[in-house]
Amino acid sequence: MSNVETKPTELRCGGAVDAERSTETARVDVLTPRDVPLGGPRAMTVRRTLPQRARTLIGAWCFADHYGPDDVSVTGGMDVAPHPHTGLQTVSWLFTGEIEHRDSMGNHAHVRPGELNLMTGGYGISHSEVSTPRTTILHGVQLWVALPEEHRHTERDFQHYAPEPVLTDEAEVRVFLGSLAGRVSPVPTFTPLLGAEIVLRPRATLTLAVDPAFEHGLLVDQGEVRLRDTLVGPSQLGYVPPGADALTLTNESDDIARTVLLGGTPFEEEIVMWWNFIGRSHEDIAKAREDWQNSSDRFGAVEGYPGDRLLAPALPNAVITPRRNPPRH
């Protein structure tokens, strides 16, 4: 999904994480989202928990949009014209509805509930995303992963994967990236990552073994979930620093609770993120924008979308300034 804000926030983030603090006594940080309309008078509004001032990355996860349940007859659904990406991977995961994906590699695919679509931008790619006519309720998450320096100019790629659920008395778990609950996703990543949908039964408690080298974020879609001793409500994201070898989730509601668990080793590199580009400097971003505006071969062309491509917003009138995760005390 494109970041279609007309004045996108410029971010430079990353850097060292304070790994000395004991996470046995560390509190869970609860991040609240901000609403971002995706353009137009009937725009679909998304709830964005990453990036924000309190935290800009969890592992290499650098962007998290949560949308729906959205009545397409009221909002018009999703219609994001061809737009570019550099230096990142997009991860699309739906709960309900269907999205048609077209990209400049010639891929024409559909995003469906419980199925991962992962697109690698690398040096440059473009794509469009449109909810299909048979969609009535659109509901899901759109995530970005920052590529490390050695791979940020990698070739374009597209992966599709439908994970089999792990079923227990307490929960249903679908692991779309990394490993959890005895399942390993075959989809390769450029840094150690975890991505999984976890649906907890009413009043259920689930304890999961996790990699202590990872930091984790639990995005709650539905219900109220106690993560360790902290309650995380709908659309909030609970952050757990590295050091934990297990996470305990408790559904505090009388209905199912649906969550998305993200994790990864702390991303130590500084990155600059603006609009749909990730680079290492203001100059990287300016060059990517110029190439897109000039229809450079860098991004290719999306065939089959019935309309014009998105144009990039104007760059800020200053050099992009650094921002990073605050140190933990």
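Here is a walk through a predicted model, going from its cores to a sheet and then to one arginine.

Let's start inside. The largest nonpolar core has 34 residues, and the members that touch the most others are Trp61, Cys62, Val91, Leu116, Phe176 and Leu177. The top contributor is strand 12, which gives 5 residues. Another core sits apart from that one; its 25 residues include Ile198, Phe214, Leu227 and Ala257.

Phe176 is a handy place to look around. Leaving out residues up to four places away in sequence, Phe176 touches Trp61, Val91 and Leu116, among others. Its contacts also include Trp93, Tyr161, Pro163 and Val260.

Four strands make up an open, antiparallel sheet, ordered 19-24-21-22. Strand 19 (205-209) and strand 22 (230-232) are the edges, each pairing on one side only. On average, neighbouring strands here are turned by 25 degrees against each other, if you ignore direction. Zoom in on the antiparallel pair of strand 19 and strand 24 (residues 246-251), and you'll find 5 bridges joining them.

Last stop: Arg280, in the loop between strand 27 (277-279) and helix 2 (282-293). Is Arg280 buried or exposed? It counts as buried, because its relative accessibility is 13%, and the cut-off for buried is under 20%. The side chain of Arg280 also makes a polar contact of 3.4 Å with the side chain of Glu149.

Conventions: Residues numbered from 1 in each chain as written. Predicted model: local features only at pLDDT ≥ 70, side-chain atom pairs only at ≥ 80, totals over all residues. Heavy atoms only, no water. Helix = DSSP H or I, 4+ residues; strand = E, 2+ residues; numbered from the N terminus. Buried < 20%, exposed > 50% of the residue type's maximum accessible area, 1.4 Å probe, protein only. Polar contact = N/O pair within 3.5 Å; in protein donor to acceptor, adjacent residues only side chain to side chain. Pairing = 2+ DSSP bridges. Axes fitted to C-alpha atoms, helices over the stretch in contact; angles between N-to-C directions. Core = buried A, V, L, I, M, F, W, Y, C linked by side-chain atoms within 4.5 Å. Contact = heavy atoms within 4.5 Å.
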